[in-house]
Amino acid sequence: MNLELFLLLGSSLLAIGLYGALSQQSVVMLMMGLELMFNGLVVAAAAFWYYVAPVAEGQVLIVVLMVVMAVEMAVGFAVVTAIFRARDVDMTDMAADLRE
Amino acid sequence: MLTAVLFWLFGVSAVVFGFLVFRLDSMARVTFALLASFVFVACEVLLLGLSYLGVVIVLMMVMEMVIMAVFMIMYMMNPAGLMPMAMYHNKPGAMSVSLGTFAVLATGTFLVDWPESRGSRPSDTTKSLGESLMGPQMLTMMVLGLVLFATIVATVVLATNRGRYDRFGDDLRARPDDPVPGGVRR
Amino acid sequence: MTEGTGWAVLVLPLALTAFALLALAADAVVEVRVAHARRSVAAAAADPWREVARLLVGQRRTTVAADGVLWRSGVVTVPLAALLAALVLPLGGFAAADPGVGIVWFNAMEILGWAALWTAGWGPNSPLSLIGGYRFVAQGMCYELPHMFALITAATGAGTLRVGGIVDAQAELWFVVWMPVGFVVYLISAAAMAFWGPFDAPLGRDLSGGVVAELSGVDRLVLLTGRWLLVVVAAGMAVPLFLGGGRGPLLPAWLWTLVKTALVLTFLLWSRRRFPTVRMERFTEVSWLVLLPLTILQALIVALVVLV
């Protein structure tokens with residue numbers, strides 16, 4: 001058990017989440033990918049706190065990450081709800097106005 | 001020895017359940033696979049001695065994932081996975097980007113010469129976190145509070161479809177026309 | 001506070017189940033008395049045991065296209081959540097574990113009940129069960145915030161998240177005396193947490209059982225046992241949080257803990273018979289517009305008292 005192993009764990013969670021966020025069509029599934037990426041960041045932050053700099057600021061970083069996750073989910077669902085009400089869609093491809 | 005075994009157990013489980021999130025068909029199972037991944041990560045955090053943060057991750061993620069399940073069922077086609085269907089776009093591209101990211105991060109992990117640990121770990125991590133948040137990191141805490149408050153307002157504005165005039169009509173002093181009455185009997 | 005070793009973890013489930021069975025028997029006796037049935041008290045007290053035996057030998061029902069994995073894991077998680085939460089429950093000067101974050105642990109473990117009840121409702125692929133599961137999520141959104149503030153108030157008063165520390169802080173004055181709002185809100189949320197008493201809509205009769213509608217045999221026994229364990233643990237936690245732990249004259253600490261737990265449990269049993277089931281939308285408004293401001297005010301007062 002050392003820093004590298006924890007970082008590998010974090011990287012694999014982040015990579016899986018990234019794959020989901022890029023490949024999923026549904027906005028809700030895309031958000032699951034984002035959450036998984038944050039999950040990887042939490043592991044990495046905790047490992048850095050333990051192995052590199054055991055200062056309180058490292059813990060504060062995890063608190064910030066958790067708030068970011070909560071905000072991401074709340075805003076994400078609110079946007080899905082709004083877009084579903086407006087156009088009856090919940091897929092990213094159907095809400096790509098800026099691309100067209 | 002025990003911690004090493006636990007590390008591998010939790011770590012592999014977290015990755016496997018994270019992978020299952022994009023493999024399972026049933027949206028309910030997907031949500032709870034993600035929850036399992038979070039809980040195993042919380043176990044890793046506990047293993048590192050951050051007891052408060054580990055337990056709070058469990059607390060928050062259970063609530064969050066139960067709410068998430070409600071939304072998943074609400075918006076996804078085929079919520080129970082009884083008719084398997086694929087909803088992907090650009091799968092090879094996404095796979096190569098994510099594998100590339102992992103390769104870069106893994107290489108970096110082993111190439112970077114990580115510094116030695118500075119300072120000693122506090123005996124009471126919860127206390128050190130609390131003193132930091134209420135002391136030098138007070139500004140962070142206040143900004144987080146404001147962000148959360150702004151989120152509450154923004155999400156309610158985005159998600160509600162019945163504004164003030166839908167509820168009250170022309171006369172804002174009248175009794176609201178709500179489909180279900182509340183318990184305070186205003 | 002002495003922390004237990006391995007054997008405490010083994011004894012804890014047995015002790016809690018025994019306590020729950022006693023309460024169950026007492027409840028069955030009251031049931032007979034209330035109904036003015038012509039049966040002896042002994043026969044009534046044996047009712048729960050008969051029911052347990054019936055469920056043990058009964059066949060498990062399955063439904064079409066059920067999600068077995070989530071269904072069973074949800075059912076098992078209900079007693080598991082209660083037992084995990086009970087780890088920090090002190091009995092006199094003794095607890096199976098007394099971690100520095102005891103209060104947060106208790107809170108996190110009882111929230112496992114949210115996931116448990118929702119998946120138990122989702123699993124059988126039955127609308128009545130699913131509605132029951134959704135009702136509990138709605139109920140959770142109502143009771144959880146006032147509940148957290150009640151816990152935080154006790155922790156603020158003691159200046160620690162350790163359950164043992166909270167007991168020690170009540171040496172002079174029980175918290176119930178100067179945090180009455182926190183105590184009352186804790187009792188309400190304890191009933192709601194165990195989907196108990198007036199908050200039993202998730203298992204409501206109008207849903208022909210709600211979450212347990214499709215459960216039979218051992219599954220039903222496990223979930224209903226879990227519910228009794230939850231209510232016992234919730235009642236037991238009120239003692240170290242607000243009722244001074246094992247403090248009291250004459251009797252030893254562990255006996256006082258049991259007596260106080262029994263009193264709180266009696267109140268919960270009484271309130272289940274006294275009040276009709278509360279509907280979700282009504283409780284939501286009451287909880288967010290009345291209970292939440294009150295608990296915040298209580299926490300503020302306690303914080304001021306501690307600071308000054």
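How much of the chain over residues 283-307 of chain C is helix, and how far apart are the end C-alpha atoms? In this predicted model, that stretch is 100% helix and 0% strand, with 34 Å between the C-alpha atoms at its ends.

Chain A contains three helices and zero strands, and its pattern along the sequence reads α-α-α. Its C-alpha atoms occupy a box of roughly 50 × 25 × 20 Å along the principal axes. The radius of gyration of chain A is 17 Å, whereas a compact globule of 100 residues would have one near 13 Å. Of the 100 residues in chain A, 52% are buried. When contacts in chain A between residues at least 6 apart in sequence are considered, 53% of them link residues at least 24 apart.

Turning to how the chains meet, two pairs of chains touch, and the pair formed by chains A and B has the most contacts. On this interface, 58 residues of chain A face 69 residues of chain B. Three helices of chain A, namely H1 (3-23), H2 (27-51) and H3 (56-87), each provide at least two residues of the side that touches chain B. H3(A) has the largest share of that side, with 21 residues. By residue class, the side of chain A that touches chain B consists of 42 nonpolar, ten polar and six charged residues.

Chain B also meets chain C, through 25 residues of chain B and 27 residues of chain C. On the chain B side of this contact, helix H2 (27-47) and helix H3 (51-75) each contribute at least two residues. The most comes from H3(B), which gives twelve residues to the side of chain B that touches chain C. That side of chain B holds 18 nonpolar, five polar and two charged residues. Chains A and C, by contrast, are joined by no contact, and their closest C-alpha atoms are 14 Å apart.

Chain B is divided into domain 1, covering residues 1-79, and domain 2, covering residues 129-186. The C-alpha centres of these two domains of chain B are separated by 29 Å.

What, then, of the interior? The largest nonpolar core has 183 residues. The residues with the most contacts inside this core are A:Ala46, B:Val62, C:Val232, C:Val233 and C:Ala238. Helix H10 of chain C, spanning residues 217-242, gives the most to the core, with 17 residues. For C:Ala238, leaving aside residues up to four places away in sequence, the neighbours touched are C:Tyr186, C:Leu187, C:Ala190, C:Leu243 and C:Val264.

Key. Residues are numbered from 1 along each chain as its sequence is written. Chains are lettered from A and ligands numbered from 1 in the order in which they are written. This is a predicted model: local features need pLDDT of at least 70, side-chain atom pairs count only at pLDDT 80 or more; totals for chains, interfaces and linings use all residues. Two residues are in contact if their C-beta atoms, placed from the backbone, lie within 7 Å. Helices (H or I, at least four residues) and strands (E, at least two) are DSSP runs, numbered from the N terminus. Ala, Val, Leu, Ile, Met, Phe, Trp, Tyr, Cys and Pro count as nonpolar, Asp, Glu, Lys and Arg as charged, and the others, Gly among them, as polar. A nonpolar core is a set of buried Ala, Val, Leu, Ile, Met, Phe, Trp, Tyr and Cys residues joined through C-beta atoms within 7 Å. A residue is buried if 20 or more other C-beta atoms lie within 10 Å of its own, exposed if 12 or fewer, and partly exposed in between; C-beta atoms are placed from the backbone. Domain bounds come from an automatic or database domain assignment. The radius of gyration is taken over C-alpha atoms; the globule rule is 2.2 Å times the number of residues to the power 0.38.
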